[in-house]
Amino acid sequence: MIEKIKQRFPDIEHLPARSEEHPEGSEFHQFVVPADQLRDLALFLRDEPDLAFDYLFCLTGVDWPTEGYLEAVYHLESTRQGRQVVLRARTANREESAHLPTVSDIWPAANPHEREVYDLLGIIFDGHPDLRRLLLTDDWVGHPLRKDYEDPVNMIEL
Amino acid sequence: MKEQQPPLEEPPVVENPDGLRTEEYFVNMGPQHPSTHGVLQLVLTINGETIVNIEPHIGYIHRSIEKMCERDTYRQIVHLTDRMDYLSCHMNNEAVCLAVEKALEVEVPERAKVVRTILSELTRLASHQLWWGVMGMDLGAITTFLYGFRDREMINDIFEETCGARLTMNYIAPGGLMYDIHPNFQRRTKAFVEHFKKKLPEYDRLLSDNIIFRKRTEGIGILSKEDAIAFGVTGPTARASGFSCDVRKKQPYSAYDRVDFEEILLEAGDSFARYKARILEMWESLKIIEQLIDNIPEGEHQVKTRQVIKLPKGEFYQRVETARGEFGVYIISDGKKSPYRLKFRSPGFSNLFVLNHLAKGAKIADLVAIMSTLDLVMPDIDR
């Protein structure tokens, strides 16, 4: 599986699953995808018959202020083969270029998840059919799950 | 950066074949509506009685639990998970504990594993009993509510004796159980199983074979297997469409690898199949409890872990099967006493957003039945 993806997308960074040599990894194989290749890889993973990652079971947004980007983490599973793989896509920066392409047309499950990530972290998913705030009110200012978010009234001290 | 909601467009005029001119209109259902089981607002676009579009508005009880987790220690986080899906609290507790134990590479004593499994299945039964009662009530049958609560009371009594709480348990802790089970636990659980085995056929007689109930659920809100997978629907809701997604079978945890039970898979995918899947699941839960209750191993109920747990650097994902579907805990740790980022993948979240797909073209009364069979718990969705 890993070889097949590497063959098709040679310049995508592969982070191996946790083992003796890689103690800091995750239990899944991960791929760090440049934003412009995310949709190509997503379609490849879904439509290639012996990969068939048809089930997106988790989509997480993460803020990395020290590295200077926001990240979306896609957990995928193939319901036929029972394998999992993780994609990580990073935005160019945390301010005006916090954009990623949407995958909500590839996996409809991503639609509400992307709205949530936009709401709480401020990643703008280009091409999303209905990108509005989901959990917070429409006039909320800022994105609370960012590490530098400050709310003088209900601040959670970290 | 104030964001504006797009202005509501004028609803389109629909020309009917019989020459009558009708208009689509909007109806607000909720946030305070008895059939939403919590604070969920649905904006319905309706043509007569037929639903054209549903837009769920959530977040009324958003408490930012994921942000709070970035401040709390891992022991504290376990307690927060009770406040999400309050009908699956043992399973939610277990998910965080399993993730922490996986990261620490701690092996939990056999006794704790078996007790955790029994508690999970009791919780699943209690959740399904409540759902069954409420489902009947949504469709106009008050008796089911009383039956469901009568039997759930016995489970709540077991929980109260075991851990002192009836709703938010906080009983499963990293390393095992917080303290050992009550001496009465096995006796009372067995008494409950005997009692409920007689009562479950009564559930069938009262509701499953009721002609009004069948007419209101059969063939309504059909979800195909492909759509269930694509929308990320899990739990009995998805298994009624034939999507084999039971984490207890796929990636067994605790004592699920040594018990014999069936994964309930149905084909129809309509409201009645979703109903039937949960009724059949209750039989499987009883089966699991019966296999384990006399075989609780002796020994320690927990292994010693540090009071303030520090996880190694890395990422840890744990999936468990709650009463509503797949619950996931995703921890990104930077080696400190709190997680760098913690994400809860709640089953209800994905199950809710298939509602528009399911109920399009149905009648308003059917929407209530469809929503009932999705078994939504709003705190789980809003987090």
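## Briefing: a predicted model with chains A and B

Leaving aside neighbours within four places in sequence, A:W64 is in contact with A:Y69 and A:E71; contact means that the C-beta atoms, placed from the backbone, lie within 7 Å. This is a predicted model, in which local features need pLDDT of at least 70, side-chain atom pairs count only at pLDDT 80 or more, and totals for chains, interfaces and linings use all residues. Residues are numbered from 1 along each chain as its sequence is written, while chains are lettered from A and ligands numbered from 1 in the order in which they are written. Helices (H or I, at least four residues) and strands (E, at least two) are DSSP runs, numbered from the N terminus.

- A:W64 lies in strand β3 (residues 55-64) of chain A.
- A:W64 is partly exposed, with 16 other C-beta atoms within 10 Å. A residue is buried if 20 or more other C-beta atoms lie within 10 Å of its own, exposed if 12 or fewer, and partly exposed in between.
- A:W64 and A:N93 are 29 residues apart along the chain, and 9.8 Å separates their C-alpha atoms.

**The sheet β8-β9-β10 of chain B**

- Three strands of chain B form an open sheet in the order β8-β9-β10, with antiparallel pairing. Two strands pair if DSSP finds at least two bridges between them.
- The edge strands are β8 (314-321) and β10 (341-345) of chain B, and each pairs on one side only.
- Neighbouring strands of this sheet are turned by 10° against each other on average, direction ignored. Axes are lines fitted to C-alpha atoms, for helices over the stretch in contact, and angles run from 0 to 180 degrees between N-to-C directions.
- Helix α3 (residues 89-104) of chain B packs on the sheet and touches β8 and β9 of chain B. The direction of α3(B) makes about 145° with that of β8(B).
- β8(B) pairs with strand β9 (residues 326-333) of chain B in the antiparallel sense, over eight bridges.
- B:E321 has B:E326 in β9(B) as its bridge partner, and B:E315 stands opposite B:I332 in β9(B).
- The hairpin of β8(B) and β9(B) has four residues between the strands, and B:G325 takes a positive phi near 145° there.
- β8(B) is mostly covered, with seven of its eight residues buried.

**Helices α3 and α4 of chain B**

- The axes of α3(B) and helix α4 (residues 110-138) of chain B come within 8 Å and cross at roughly 140°.
- The two helices α3(B) and α4(B) are therefore oblique to each other. Angles under 35 degrees count as roughly parallel, over 145 as roughly antiparallel, 65 to 115 as roughly perpendicular and the rest as oblique.
- From α3(B), B:C89, B:H90, B:M91 and B:E94 meet B:R116, B:L119, B:S120 and B:T123 in α4(B).
- This contact has three nonpolar, three polar and two charged residues. Ala, Val, Leu, Ile, Met, Phe, Trp, Tyr, Cys and Pro count as nonpolar, Asp, Glu, Lys and Arg as charged, and the others, Gly among them, as polar.

**The nonpolar core**

- The largest nonpolar core has 142 residues. Such a core is a set of buried Ala, Val, Leu, Ile, Met, Phe, Trp, Tyr and Cys residues joined through C-beta atoms within 7 Å.
- The residues with the most contacts inside this core are A:L56, B:A99, B:I331 and B:L355.
- α4(B) gives the most to this core, with twelve residues.
- Not counting residues up to four places away in sequence, B:I331 touches B:A99, B:A103, B:L311, B:E315, B:F316, B:P339 and B:L342.

**Where the chains meet**

- In chain B, 33 residues are in contact with 31 residues of chain A.
- The largest share of the side of chain B that touches chain A comes from β9(B), with four residues.
- The residues of that side divide into eleven nonpolar, eight polar and 14 charged.

- A:A52 has a positive phi, near 50°. This residue is in the loop between α2 (38-47) and β3 of chain A.
- B:E105 also has a positive phi, near 55°. B:E105 is in the loop between α3 and α4 of chain B.
- A:A52 counts as partly exposed, with 16 C-beta neighbours inside 10 Å, whereas B:E105 counts as exposed, with 7.

Methods:
Two residues are in contact if their C-beta atoms, placed from the backbone, lie within 7 Å.
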